[in-house]
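Good morning, and thank you for coming. Please look at the sequence and the structure on the screen while I take you through several places in it.

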Amino acid sequence: MLGRLRELGRDATAALKSAASVVELESIRVKYLGRKSELNQVSRGLKDLDPEERRSVGRAVNELKNELGALLEQSKERLESAGEPSSGLDLTLPGRMPWVGKKHPVTRTYERLESIFGGLGFDVALGPHVEDDFHNFDALNIPPEHPARDGWDTFYIDDDSLLRTHTSPVQIRVMESRTPPIRIIAPGRAYRNETPDASHGSEFFQLEGLYVDRGVRFGELKGVLIRFMRELFGTDVGLRFRAGFFPFTEPSTEVDVECQVCHGSGCSVCSGTGWVELLGAGMVDPRVFEAVGYDPEEFTGYAFGLGVDRICMMMTGTDDIRLFLENDLRFLRQI
Amino acid sequence: MTVSLNWLKRYVDFDMDATELALRLTDSLTEAEVADAPWKGVEGVVAARVVTADPHPEADKLSVCVVDWGGGSSTVVCGAPNVHAGMTSVLAPPGSVIAGGHRIEEQTIRGRRSHGMLVSAQELGLEESSEGIIELDGIEPGGDVRSLLGLDDEIIDLDVQPNRPDCLGMIGIAREVAALTGSEFRFPRIDLNEAGATAAEMASVEIEDPHGCPRYIARVISDVTIGPSPAWLATALRSVGVRSISNIVDITNFVMLEFGHPIHAFDYDRVADHRIVVRRAMAGEVMVTLDDVERTLAPEHLLICDGSNPVALAGVMGGADSEVSDATRNILLECAWFDPLVVRRGAWKLGVRTEASHRFEHGVDPHAMEMIAARACSLMAELAGGTVAPGLVDAGTDGGATPSITLDVRSVTSMLGEDVGRDETVAALTSFGFGVADGGDGKLTVDVPSHRADVTVQADLIEEVLRSRGYEGVQPEVPFHSIDAPPDSDQATRNHVLDAMVRLGFYEVLTTSFMSEGSISQIGGSEVWGEPIELLNPVNKEMPLMRTAMMPSLLDVVRSNRNVGERDLRIFELGKVFRKDGDGLGERWVLAGAMTGAAVRHSWDETPRPVDFFDGKGVLWALAEALDIDTPEEACYDGQLLDAGAGAGFSVRGEGLGFFGMLSKKVLAAWELSDPVFVFEIDLEGLCGCIPTAVEFEELPRYPKARRDVALVVDERSAAGDVLAAVKALGEPLLVDVQVFDIYVGKQLPPGKKSLGFGLTYMSRERTLTDREVDDAHSRIVSHLTKESDAALR
């Protein structure tokens, strides 16, 4: 009898150790430890044995039950922690994806610029797209029929109304409605009556900046623009300030950034010069202050403007500005 | 402005090549670029005398020539009609290079060996087109033709800004170069040798319109011989792209390019009564300009007339009748100051723009006129053998003294930095030709030279100091003072909407603000969308209107993407629409979008169904949820854009904000679309106004919720929304939520009926509800619904 028990113990141990699933484990338990198992039958037949044999077999049965019980728990743990392959999933199949949206690259560029200038203390101000002659031109020291106006091919609506040719009229509107100090940026769409080509759109995206206070210096304009460009392009980017002309700033400057395509060695994007014109800026012309009723003796300030779509082109290597308003999904996904 | 370095060197010495000079000018004046001169790369060409020129025995139009090139002689075959023995021309021997990088090799032409070729101005890149080979004077065979023909010249393109008309002339640029390089500016030589009757005796000038022409100087040069210009003059003009015509015409062009001030030469004998009258044109008056176009004039036009007829369109173009010709003997020279606006309007009205009108529009220097006239007279005497009549006829005024500006040196320092002091300021201004005197009390009195009319206020002078120092020479600073400013909450809210749409899986697009009459009329026209604002001068004649709706341009995007195979689209735009608003022009922010193609992304276990109304409505309701707007509602819609059965208005708290739904078949057809398209357009300002500005914390519920369902059989056409509204209207305090969870139509119901399943959730904030309390509340609602409407319990 004891030999039979040893045999049972061997078989059950082997079965438990090799069990590959919890289900299999359960059938092993039923076979060796269940109510109808041989071990249980031996256990129930103990009362028919003589006392001597009953004691030794009883002890052996109990030991085996405990041993197998412990082993069963162990096997159960082993199988559960390994996880059970449920129904043979092909894990390489793609998942069910939700739709993913994206902001327009120009919008993302605006966000980047607004965040940089926001960190430099500039607040956002906006103005209408349909402007009047005064805000778009006269107040910015661009008198009627002056050749300076030739630089702005204008869409007219009637004698006095036009589509703003730049975001600069927002400067005027903000100065009219507030008193210095003022420090704003004005993002938005602007319009020029030009036939669109790869580098010019009749609708495009600008960002204007204005700071007016007592004793503002040219060096501050340089400081802020350098800070801005380094944050945008990296601290080692080459920058160049040179003479410029805008009717609404005096002195005026044009700022070039090292070509991001060839890094200064000269390529087709920068026409071989290594530089790309990035923004125009200058100290607010006293005649502009006069137009909004500020005393030019008391206040000075600077203003700057830049093409946001152009910056986006430069940063992404996009070679045709028209792509931005075409909204080909293949383009929007890529950029 | 095309700038020849050789020409510039007539007035200033500088030790820079074109690249260095362009950089210096770019830094301190305006953008300058080295241009690729067409003659760049020409190499090894020499002056050669044609010794013999005999007809080619095998070809009618060719000659076989022996040429002496100094170091020997060669035989060349030449096809030019003007080749003749004794002339001096330019030989391109084997191994030399002509324009376009073309290397010359020996070759046989119709059986005769040609050792190089005699070249034309075109073949050297000197002219765009030319006939015959170059004829040279005053040079020996083998002599250096490089400087004589300007082949050693370098060209810079200067982007002259409207405030610097002085730089539309070489002298203005030379003054800048002198100041920026610290070298000396040389004025051109003037040598008149006046003789004979005075100008005043020979001609008269009357200005009838002193506004249009404040000053007019006339001079007379007699006994000129019209002929070709000397090589230096032809070369100078050619270097900046002006064709040489004859000595007198070339001199007027040369002096214009030298001073930036256009002048005009009349044939003195064809000016009736030798009398000049400056007046406005009469309406309908006609004259033929020297380009042989008959022009009908209007009172906008200022005319130069002789004793009887117009002889020139002032500041724009001369007349054909008084033009200098080969027969001209005597010259009446005009140097005038015309009002910029008068010239601009006159030229604009005729649709012409000339080198002259361009310069007058930008403004000329009335104080330099005597000198400019004298310079032209001097050249005419020298190059055409004329005699200059003493004196000049000078009508009008030079506009009075040039201004003086008081400059406070402290303001220079405070704008440019501590290290820019008085000495630097004085030196800078002096170098640019300003007269500087001490003004006392730390101030300077600065006399502005007459050619710098752009300088009128102190800030202009500060810019001069900055230009002299170089923009790089100012120390950057980043001071920080914080400024209290009202934050633009509208912008923040719009960004919030933008973010929400992107989170809902939509691509943002930016489309044109313009639209066509045709596209808006497809979706209802101005009756629905309001009166559009029309551009007077659209760039695209098809799209003269400002958009009153986003739909047309969004549907264009849907179509163009469909055409490249992008069928599954979820796009939106956040932008402005424009419309006439009473007498004014209004613009509003709008959120619009479109969804088409598959409702869910393609996957391996599901064939995606096309987008339907409820996919779209779900997006809008989810948007409202994302924006904390808790009560969006559908409202009536009666436009033509949407399908009558699948379109609705969008409103919040009873305020209509827009519409949403499936495009009508008619609109789909108009945009050549076949897949169903869900669209929406919502007034953004209204929507943003519905977003709560502050959200208040409410204690989280501590007691469990209980749910009860009910199925109601209602008329097939009844709206679930009406039942929901009726439930909410009851105001049951324990009811916290109602959802539609099932709709059933089928055999188990009587015809014309449907079953709506509602799930109602009950909860109290004070205690755990007993089953009894929930059942009571639920049966109150159910019995109300069955009593007050035709709904029956299923």
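Let us begin with Pro262(B), which sits in the loop between α7 (247-259) and β15 (264-267) of chain B. Helices (H or I, at least four residues) and strands (E, at least two) are DSSP runs, numbered from the N terminus. The model is predicted: local features need pLDDT of at least 70, side-chain atom pairs count only at pLDDT 80 or more, and totals for chains, interfaces and linings use all residues. Residues are numbered from 1 along each chain as its sequence is written, chains are lettered from A and ligands numbered from 1 in the order in which they are written, and side-chain values use heavy atoms, with hydrogens and water left out.

Is Pro262(B) buried or exposed? Pro262(B) is buried, because its relative accessible area is 5%; buried means under 20%, exposed over 50%, and partly exposed in between, with a 1.4 Å probe and protein chains only. Setting aside residues up to four places away in sequence, Pro262(B) touches Met256(B), Ala356(B), Arg359(B), Phe360(B) and Val364(B), where contact means heavy atoms within 4.5 Å. Pro262(B) and Phe360(B) are 98 residues apart in sequence, yet their C-alpha atoms are 7.6 Å apart in space.

Thr167(A) belongs to the loop between β3 (161-163) and α7 (169-177) of chain A. Thr167(A) has a relative accessible area of 0%, and therefore counts as buried. Beyond its neighbours within four places in sequence, Thr167(A) is in contact with residues including Ala186(A), Pro187(A) and Gly188(A).

I turn now to backbone geometry. Most residues other than glycine have a negative phi, and most peptide bonds are trans. Which bonds are cis here? One joins Pro180(A) and Pro181(A), with omega about 0°, and Pro181(A) is in the loop between α7 and β4 (182-191) of chain A. Another runs from Glu250(A) to Pro251(A), with omega near -5°; Pro251(A) is part of strand β7 (residues 249-258) of chain A.

Asn193(B), which is not a glycine, has a phi of about 45° and lies in the loop between α4 (170-181) and α5 (199-202). Asp292(B), also not a glycine, has a phi of about 65° and is placed in the loop between β17 (286-288) and β18 (294-296). Asn193(B) is exposed, with a relative accessible area of 62%, and Asp292(B) is exposed with a value of 62%.

Let us next consider chain B as a whole. Chain B contains 22 helices and 40 strands, and 52% of its 794 residues count as buried. The C-alpha trace spans about 125 × 85 × 60 Å along its principal axes.

Finally, we come to the interface. How many residues of chain B are in contact with chain A? There are 89, and they meet 87 residues of chain A. The area buried between the two chains is about 7,500 Å², of which carbon and sulfur atoms give 56%; buried area is the accessible area (1.4 Å probe) that two parts lose on being put together, summed over both. Tyr507(B), Leu510(B) and Arg601(B) supply 11% of the area that chain B buries against chain A, more than any other three residues.
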